[in-house]
Amino acid sequence: MPVISITLLPGYSPETEQRLVNRVAQAARSVIAASSAGTTVFVHQASTYQRDGRVFSGGGAARVDACALVRDFLQRMQNRQLADAALLLTPDFSMRFPASPVMHKLEELVSWAHGRYQQVGKNYEKFDESWGDESCVVYCFGTLHGIWLDGTPFEGIRFVDRFEIVDGLIQRQDVWNDLAETQAQRR
């Protein structure tokens with residue numbers, strides 16, 4: 001069973017340390033067949049250290065909680081707080097939905113979706129994230145609910161969203177869902 005020790009400089013929030021401990025434990029279990037109950041991760045605090053002839057007494061910046069960022073973005077979109085949602089996007093943001101062109105502005109999405117339904121919301125089943133050296137990919141999936149253009153409610157339509165996070169902002173969103181197929185079956 002792995003026992004892992006992490007040494008940090010002061011300045012990180014308890015939430016950041018908890019995220020680090022959870023991620024390091026998950027990384028260890030992705031390589032070693034150990035149970036979560038048998039994986040131990042400790043955080044020690046160092047007040048200062050020296051590297052390359054320079055003395056340091058504080059840690060670097062914590063990365064954004066990518067799943068929380070995506071949840072926040074999706075909630076702002078569902079509430080039609082487009083200006084607030086846009087604050088979470090990189091300048092070169094792009095998104096693609098089933099049968100849509102590549103879009104770069106949230107207003108383009110609202111305009112494109114206008115002819116598909118009156119309202120849509122999401123019920124989330126799970127969020128998964130995967131970190132690379134400089135970016136993170138977040139997948140969320142669940143079901144859609146809402147109201148068709150004719151006023152008929154719908155629910156239980158599967159979806160998967162994929163987000164690329166770079167420097168704490170969303171750079172790309174790709175969406176897959178059964179909305180069009182479900183709509184075609186209604187006719």
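**Notebook: rings, a helix face, a patch**

I looked up Tyr124 to begin with: at 29% relative accessibility, Tyr124 counts as partly exposed (buried is under 20% relative accessible area, exposed over 50%, partly exposed in between; 1.4 Å probe, protein chains only). I note that this is a predicted model, where local features need pLDDT of at least 70, side-chain atom pairs count only at pLDDT 80 or more, and totals for chains, interfaces and linings use all residues. Residues are numbered from 1 along each chain as its sequence is written, and side-chain values use heavy atoms, with hydrogens and water left out.

Next, the rings. I found six aromatic pairs in the structure (Phe, Tyr and Trp rings, the six-membered one for Trp, with centres within 6.5 Å; planes under 30 degrees apart are stacked, over 60 edge-to-face, the rest tilted). Phe73 and Phe163 pair edge-to-face, at 6.0 Å centre to centre and 75 degrees between the planes. This pair links distant parts of the chain: Phe73 lies in helix α2 and Phe163 in strand β8 (residues 153-166), 90 residues apart (helices, H or I, at least four residues, and strands, E, at least two, are DSSP runs numbered from the N terminus). Phe73 is buried at 1% relative accessible area, and Phe163 is buried at 0%.

Back to Tyr124. Tyr124 and Phe127 make a tilted pair, 5.1 Å centre to centre with 50 degrees between the planes. Phe127 counts as buried, at 13% relative accessibility. Ring pairs join Tyr124, Phe127 and Phe159 into a cluster.

Last, helix α4 (residues 106-113). I found Leu106, Leu109 and Ala113 buried there. The buried residues of α4 fall within an arc of 55 degrees seen down its axis, so they line one face of the helix (the arc is that of the directions from the helix axis to the C-beta atoms).
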